[in-house]
Amino acid sequence: MTSPEMKSLSSPNQTCVVIGASHAGVSFAFALRKEGWQGGIVLIDQDPDLPYHRPPLSKSYLANPGNGLSLLKAQESYEKEQIQLKLGIKVTTLDRESKALRLSDGNVLSYDKLVFATGARAWMPQLNGMEPGMPLFTLRNAGDMRRIQQRVGQSTSKRALIVGGGFIGLELAASFRKMGLAVAVMEREERVLSRVTAPELSSYFEKLHRSQGVEVLLGQEVKAIRPSKNGLQVSIMDNLSIEADLLVFGVGIRVNSELAEQTGLDATGGIAVDGQCRTADKHIYAIGDCTLHYNPYYERHLRLESVQNAVDQAKTAAAALMGKPEVYDALPWFWSDQYDLKLQMVGLSQGYDHSVLRREGEHSFSLWYFKEGRLLAVDAVNVPKAYVWGTKYLKERTALDSEKVGDPTIDYSSFAFSPTPHLNLPK
Amino acid sequence: MAKITFIASNGSSKIAEGFGGSLMELAVSHGIQGIDGDCGGVCSCATCHVHVAPGDMEKTGPASDIEKDMLELADGADEFSRLCCQIQVSDALDGIQLRVAK
């Protein structure tokens, strides 16, 4: 390609600045270099740590402090690809007119292309009695994790309260149990994981955590917090109270979209991007957790918090920026590890009207979600085969016979309605 | 210590010296192209797919059942395929060759 636009894109004098150096930003920087960008690439992040995998924060890192963080890329890889890291630095203002950023270290940085990979931050609700210095935590980055580990080390009664029975809350509960703490998980809804899974799965996870000694409090909310000898006294509903050395909130996030919003970009419910991760400003892209984008599988706009979305949008944006538009149409997938259990999820189950449970054993089963007969998603507990076949069926948009899905004597490869002539192609 | 040879899809090879951790972590820390390890090494993404040199399969052992299932999602998987996050570096692996899957 030799269009003038392409030539200017590949100029060594141009700079692409990426705000946010987690999975999306780092993947993007390397993908852009691979696509042939010859100019400068600058990655900025408030987090002072060399970019690392975040999902293990609530899982393996927390319970094994000695192991350190797994890096997304080795330090030398950034040097080799000439990707400049500005860590521990915040972008304070953006001027789209002059294409410049002001940084917390006082410097002004000009860009030719800008990428928002700003992600989200954990949300801490404001509660009665909250005071600075109380052992209250959220978990989103390595600094948060170290503060939690330090508090656990200092605590006397070794009792943790987790508010929020979503993935973060439950993963934290499993890690805290592994660290030898007494743990209570409080959830406002009547079941755990209510936002993301069917009741069967919620009930399985509730029982699992109870069997591991976690106290699970459902339909409960914090009323007030008071300091106490060991840490906190937390009043909940029905005039009950809980003593804890520390309280960790896992009750959701807020998108880091202020910078985009302040400059007039559409950021309601996430930074709005098109199928190539472009914002309304042709010099600005957005990728990862912070974006609101259209998903062709589910025919609606979504904001996803996942490594898959971060990595796939990074690749799409890098290609688009280099003039190779490929529409983002990746299938969402997620995972969660709690105790010795492996949960793998593919697709999005929201809006399902029918679910089928396929049981392989007491601790191995899968849930298949349908809407108007069409497969929407599969959650697999300790059955990677179900996850793999679910992925294939979703990608190929195969129409499945849900009776076959629920029959454990029928092989995963044989769920399609028979005969399906257009799918009976030899491998 | 084990010396591991990674052969990238463009044919270039690189020797990495490892003392512990997984082969995926070793590959990432040496900037081996094509080994991403998106899930951080918990056998959930199939982005660390390698083909073990046939003569070295004895040293690495075969893929586990979970790994075999996940390899179904990887392109071009064969009987020498492994997800290298599932292989721990040890002296016993010294000298093996791994071809990064395309």
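The domain assignment of chain A gives domain 1 (4-121 + 254-321), domain 2 (136-251) and domain 3 (340-423), the bounds being those of an automatic or database domain assignment. The structure is a predicted model, in which local features need pLDDT of at least 70 and side-chain atom pairs count only at pLDDT 80 or more, while totals for chains, interfaces and linings use all residues. Residues are numbered from 1 along each chain as its sequence is written, and chains are lettered from A and ligands numbered from 1 in the order in which they are written. Between domain 1 of chain A and domain 3 of chain A, the C-alpha centres are separated by 34 Å.

Chain A contains eleven helices and 26 strands, where helices (H or I, at least four residues) and strands (E, at least two) are DSSP runs numbered from the N terminus. With a radius of gyration of 23 Å, close to the 22 Å that the globule rule gives for 427 residues, chain A is as compact as a globular protein of that length; the radius is taken over C-alpha atoms, and the rule is 2.2 Å times the number of residues to the power 0.38. Along the principal axes, the C-alpha atoms of chain A fill a box of roughly 65 × 65 × 40 Å. Of its 427 residues, 45% count as buried, a residue being buried if 20 or more other C-beta atoms, placed from the backbone, lie within 10 Å of its own, exposed if 12 or fewer do, and partly exposed in between. Among the contacts in chain A with a separation of 6 or more, 60% are made by residues 24 or more positions apart, a contact requiring that the two C-beta atoms, placed from the backbone, lie within 7 Å.

An open sheet of five strands in chain A has the order β9-β16-β10-β11-β12, with parallel pairing; two strands are taken to pair if DSSP finds at least two bridges between them. From one strand to the next, the twist averages 20 degrees. The parallel strands β9(A) and β16 (residues 246-249) of chain A are joined by three bridges, and Thr138(A) stands opposite Phe249(A) in β16(A). Helix α6 (residues 167-178) of chain A lies across β10 (159-163), β11 (182-187) and β16 of chain A, and runs at about 170 degrees to β11(A), with axes being lines fitted to C-alpha atoms, for helices over the stretch in contact, and angles running from 0 to 180 degrees between N-to-C directions.

Elsewhere in chain A, the antiparallel strands β4 (residues 91-95) and β5 (residues 100-103) are joined by four bridges, and Asp95(A) has Ala100(A) in β5(A) as its bridge partner. These strands, β4(A) and β5(A), form a hairpin with four residues between them, and Lys99(A) in the turn has a positive phi of about 50 degrees. Ser355(A), in strand β24 (residues 354-361) of chain A, is buried, with 21 other C-beta atoms within 10 Å. Leaving aside its neighbours within four places in sequence, Ser355(A) is in contact with Ala198(A), Leu367(A), Trp368(A) and Tyr369(A); the C-alpha atoms of Ser355(A) and Leu367(A) are 6.5 Å apart, although twelve residues separate the two in sequence.

Chain B comprises three helices and five strands, which follow the pattern β-β-α-β-α-α-β-β along the sequence. The radius of gyration of chain B is 12 Å, close to the 13 Å that the globule rule gives for 102 residues, so chain B is as compact as a globular protein of that length. Buried residues make up 44% of chain B. Its five strands form an open sheet of mixed pairing in the order β2-β1-β5-β3-β4, in which β2 (13-18) and β4 (81-83) of chain B stand at the edges, each with a single partner strand. Strand β3 (residues 49-52) of chain B runs antiparallel to β4(B), to which three bridges join it, and His49(B) has Leu83(B) as its bridge partner in β4(B).

Between the two chains, 18 residues of chain A are in contact with 16 residues of chain B. The elements giving two or more residues to this side of chain A are α4 (75-80), α9 (307-321), β22 (333-338) and α10 (384-396) of chain A, with the largest share, four residues, coming from α10(A).
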